Amino acid sequence: GLARAVGPAVVAAVWGPLTTAIEAKSDRELQCTAAEVVAGLHVGSHAWAPSDTGVMSAKLSELLSATLPATEPGSVDFWAMGLRYMVCNRDPRRTPWLSKLAASLTSTAPDAKSSDISRGLKMQQALMMEYAWRGLPLAREVALGSNMHLGGTSKTVREEAGRGLVLIAKSLLPRQDGSAQSPSTATEISSWLLPLLPQLHTAYLAAPLDATTQAGLELKGKIEGVLYFLIHALRLGHGRAVGGVLPAALPLMLAVQDASDREFAQVGLVALQLASASVPHPAVAAALVTQAEAALSSESWRVRRAALTVAGELAHAAPLDAPLAARVHALVDPALGDVQIEVRQQASQVMAGLLRSAPPATLQAMLARAPKGRRRGKVAAPEASEQDRAGALVKRHAKVLAVAAAILSTPTELPEWMADAVTSLCALNDEDPLIRSSITKAVGEFRKSHEDMWPQVRMTWTEDQLRLVSESSGTQSYFS
């Protein structure tokens, strides 16, 4: 406001204190003030005569060219916000010098410092946020560099590059003008991402990342960078920009679940959950289900568990049509009898969600699997092998988990079958500790979810049923 009211004379008054404040790089308060003054001078100069505006732009270009590359990490956000204010609601063609400056702030040289690259990427993001589709020239100019930094050695650089590529993808989206010459959605992003995903997947399967080789670390960096790009795109609601590549990306997300680096695997899991919950089209959902079906045959139980996560997120995100819902149910049901306990537990949790919208016949089929109680004192046949006993335990546990899924599928209602379903689990005595643990957990979850309805339970259930529930769940608290 001061620059607009006073005019070019304000420059002489503030330039000395401004440069002094900028030189105090470690003083965050002065850096914040300096960024605000620079932004105010730029915006206010638009009310001046064109010749004065040009002079002001030249002075600011020289000042920022020296200031931004030397900004300390703690002050980067101040200058980024200043850049956003400078270009807010402005045509990028009026500030080509600022776009050129931002594009020069990152380097692809091998000896470039990660802090310098990260700072430059943040500055570019500030402009891309305000430019949106109008920043198409800048987006094309920095896309290649951001793509290269996506596989950098620094995790911070990889994440910033992924976030920046999301904004680039948004700029590259064609506007829906209805013309025949309009390219397909996110064509320019898909042109590099679609071929890259199977290459990374193949390379990962051929060379596990457990080896501490330089090639292994580079591969990990590239994979993690691509995953960060997808995570930020989906979190920021740009699913349309990346929806077409999700089926190609899912095998890579599933494969990294077995990585020994659990932090790296967690990045893949977050990407997988977001991808499954942000499906933009039924055809994409069907393709993800196909990938999940294939992953259930994996030797890794972590991959199989992640495939069930895909099914659960798909069913939770949006109602599925009947054929696809049947495929998801057929995918999850056999996993209740998986040899790995973690997979069985995940299958039970996902099945509980599926049963909420399943036909009554499907729910009744789950309840019918309730195992019969063992006769007290009966022991296993001596001729049964250890493998046979383990298999019988898995089958019995699968039946218990099926009933538990049915019970947990109605957390806010009390249907007529609930009493028989809950007490059928409570009545199971002399069970393996694994099965008893699942029963106790299911009954405890039932009591917590139906706490507000407990007076109705006391009025409608028999004393024997209430006793069985009390004995199976023990003393209840919110954290039980």
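Start by selecting Cys32, which is partly exposed at a relative accessible area of 23%. Here buried means under 20% relative accessible area, exposed over 50%, and partly exposed in between, with a 1.4 Å probe and protein chains only. Before moving on, note that this is a predicted model, where local features need pLDDT of at least 70, side-chain atom pairs count only at pLDDT 80 or more, and totals for chains, interfaces and linings use all residues. Residues are numbered from 1 along each chain as its sequence is written, and side-chain values use heavy atoms, with hydrogens and water left out.

**The cysteines**

A disulfide is a covalent bond between the sulfur atoms of two cysteines. Searching the whole structure turns up zero disulfides, counted as pairs of cysteine sulfur atoms within 2.5 Å. Cys32 is in none, and its nearest cysteine sulfur, that of Cys88, is 17 Å away.

**A loop residue**

Next, select Asn89, in the loop between α5 (76-87) and α6 (96-103). Check its backbone: phi is positive, about 60 degrees, although Asn89 is not a glycine. With 68% relative accessibility, Asn89 counts as exposed.

**A helix residue**

Now jump to Ala206, in helix α10 (residues 187-206). Ala206 counts as exposed, at 65% relative accessibility.

**The whole chain**

Zoom out and colour by secondary structure: you will find 24 helices and zero strands. These are DSSP runs numbered from the N terminus, with helices (H or I) of at least four residues and strands (E) of at least two.

Along its principal axes, the C-alpha trace spans about 95 × 55 × 50 Å. The radius of gyration is 30 Å, whereas a compact globule of 480 residues would have one near 23 Å; it is taken over C-alpha atoms, and the globule rule is 2.2 Å times the number of residues to the power 0.38.

Of the 480 residues, 46% count as buried. The chain exposes about 23,800 Å², with carbon and sulfur atoms supplying 55% of it, as computed by the Shrake-Rupley method with a 1.4 Å probe.
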